[in-house]
Amino acid sequence: MDRIRIRGGAPLNGLIPISGAKNAALPLMIASLLTADTLELGNVPRLADISSLLRIMSNFGVDHSIAGRRPGQSSETGQTIRLTAKNVIDTTAPYELVSTMRASFWVIAPLVARFGHAKVSMPGGCAIGTRPVDLLIMALAKLGAVIEIEAGYVVATAPKGLRGAEIDFPKVTVGGTHVALMAATLAQGTTVIRNAAREPEVVDLAECLIKMGAKIQGAGSSEIVIEGVTSLHGASHDVMPDRIETGTYAMAVAMTGGDLVLDNTRPDYLQAALDVLGQAGAEVTPTHGGIRIRRNGNGLQPVDVTTDPFPGFPTDLQAQFMALMTRANGTSRIRETIFENRFMHVQELARLGAQIRLDGDSAYVDGVPGLKGAPVMATDLRASVSLVIAGLVADGETTINRVYHLDRGFESLEAKLARCGALIERVRG
Ligand SMILES: CC(=O)N[C@H]1[C@@H](OP(=O)(O)OP(=O)(O)OC[C@H]2O[C@@H](n3ccc(=O)[nH]c3=O)[C@H](O)[C@@H]2O)O[C@H](CO)[C@@H](O)[C@@H]1O
Ligand SMILES: C=C(OP(=O)(O)O)C(=O)O
């Protein structure tokens, strides 16, 4: 199994091109099931999760081809994927394929909307909480799907098609919003989604669906209105930049010191996190195509943070920020309100010398003057990268095991960091 080896102490200087967002690319790929025409997606990151979803799509009979980046595409990373769901032969997503990745469950929406039938295994994904799918099922049931649970599978049927409905989410759910949005595009009549997720990935999906002929208003606000259409057509769309990857490298340079330009990204996608970095002592300035982050000489100030749905501080940056706060001059409180078990990184950060106390939904981080390298274990995607951030300043060598978690969500992580001066390498085997 591959490991990442880091020798801490080097500042980060240079430019990192930000990849397309995993959490936008996945629902966009799934949206290709809504049409028999070809959906062409540019700026798709090369990640394990993308390959896993391609396997699931192939199993349905979806044809796909992969090419390099399109001319004029600004990222030096990424690929173009063309998906054609013309000859769908199966509407079942088996446990072996769905269990590795949460988002794969979302295929249930386009399958039942277009074909009137879907049988999808309950999902896997990062082990960060119980992560039920009751609200996704509620949304499909409101749209008229009949739902049965059979041996770990959710079976959704709607032989006469879905019909528009009012869907009020009792809590903000990104996956629930994606599912309701995709299903409603082909439902008969009007659907109103209330308390919808406002995440940029929802807007990216809506923009692509609109290019495919869907009638959607209000994406990016908490009320989305969809006028169902009888069919959708092909389109071409570039995946939005990854705001979590952006925030991760921003925190890395805040930790190591140095001067980094994060290219091909957008500050407004992560303003809450950038504000917090400013309070912690980093200098953040927008550039023509992204963001410049600097921290030279000055120490880090402790900042209290609470995770929230967009536009709040993202839970997917909580672990990285905790790593940063291990070196602050004082105590910070980090409150996790989205997932009840997203503190798995605490015990691993402690192995590097971090001082962190857990109390309910909060972690209290007492900054220490230095961390010491050690072997640590990746437990989930964002937890893994928090260990990379800590390793970049830890004295001596840090080895991170189980890096398959990292490969789910960070394209060319070691190469991007090494080019900016980090002493980091992948040890194969
Ligand atoms: C692939 C992808 O895009 N994953 C992201 C997505 O996950 P995901 O879409 O799974 O997260 P949700 O926004 O749905 O979850 C938010 C909260 O709602 C709860 N909930 C959700 C659905 C449901 O049916 N019932 C229920 O109770 C969850 O347990 C959680 O406490 O949004 C999360 C919150 O920003 C991010 O951390 C994940 O990186
Ligand atoms: C939690 C994440 O992914 P998933 O929802 O696929 O588990 C993530 O991207 O941080």
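The exercises below, each with a worked solution, concern a predicted model.

**Exercise 1.** Determine the strand order of the open sheet of 4 strands, and find which strands stand at its edges.

Solution. 
- Step 1. The order of the open sheet is 18-19-21-20, and its pairing is mixed.
- Step 2. Strand 18 (305-306) and strand 20 (355-359) each have a single partner strand, so they are the edges, and one side of each has no neighbour in the sheet.
- Step 3. Strand 19 (residues 331-335) and strand 21 (residues 362-366) run antiparallel and are joined by 5 bridges.
- Step 4. Within strand 21, Ser362 is the bridge partner of Arg335.

**Exercise 2.** Locate helix 10 relative to the strands it lies across, and decide how many of its residues are buried.

Solution. 
- Step 1. Helix 10 (residues 318-325) lies across strand 18, strand 19 and strand 21. The angle between helix 10 and strand 19 is about 170°.
- Step 2. A residue is buried if 20 or more other C-beta atoms lie within 10 Å of its own.
- Step 3. The buried residues of helix 10 are Gln318, Ala319, Gln320, Phe321, Met322, Ala323, Leu324 and Met325.
- Step 4. This gives 8 of the 8 residues, so helix 10 is largely enclosed by the rest of the structure.

**Exercise 3.** Identify the residues with the most contacts inside the largest nonpolar core, then list what Val112 touches.

Solution. 
- Step 1. The largest nonpolar core has 78 residues. Ile108, Val112, Leu140 and Ala183 have the most contacts inside this core.
- Step 2. Not counting residues up to four places away in sequence, Val112 touches His117, Ala118, Leu140, Ala145, Ala156, Ala158 and Ala183.
- Step 3. Another core, of 68 residues, lies apart from the largest one; among its members are Val261, Ala282, Phe313 and Ile389.

**Exercise 4.** Classify the packing of helix 6 against helix 7 from the angle between their axes.

Solution. 
- Step 1. The axes of helix 6 (residues 174-185) and helix 7 (residues 200-211) come within 10 Å of each other and cross at roughly 10°.
- Step 2. Angles under 35 degrees count as roughly parallel, so helix 6 is roughly parallel to helix 7.
- Step 3. On the helix 6 side, Val174, Thr177, His178, Leu181 and Thr185 meet Glu201, Val202, Leu205, Ala206 and Leu209 of helix 7.

**Exercise 5.** Assign the residues of strand 23 to its covered and uncovered faces, and find the partners of Ile400.

Solution. 
- Step 1. In a regular strand the side chains alternate between the two faces of the sheet.
- Step 2. In strand 23 (residues 397-401), Thr398 and Ile400 form the covered face, whereas Glu397, Thr399 and Asn401 form the uncovered one.
- Step 3. Strand 1 (residues 3-7) pairs with strand 23 in the antiparallel sense over 4 bridges, and Ile4 stands opposite Ile400.
- Step 4. Strand 22 (residues 375-377) runs parallel to strand 23 and is joined to it by 3 bridges; here Ile400 is the bridge partner of Val376.

Methods
Residues numbered from 1 in each chain as written. Chains lettered and ligands numbered in written order. Predicted model: local features only at pLDDT ≥ 70, side-chain atom pairs only at ≥ 80, totals over all residues. Pairing = 2+ DSSP bridges. Helix = DSSP H or I, 4+ residues; strand = E, 2+ residues; numbered from the N terminus. Contact = placed C-beta atoms within 7 Å. Axes fitted to C-alpha atoms, helices over the stretch in contact; angles between N-to-C directions. Buried ≥ 20, exposed ≤ 12 C-beta atoms within 10 Å, placed from the backbone. Core = buried A, V, L, I, M, F, W, Y, C linked by C-beta atoms within 7 Å. Parallel < 35°, antiparallel > 145°, perpendicular 65-115°, else oblique.
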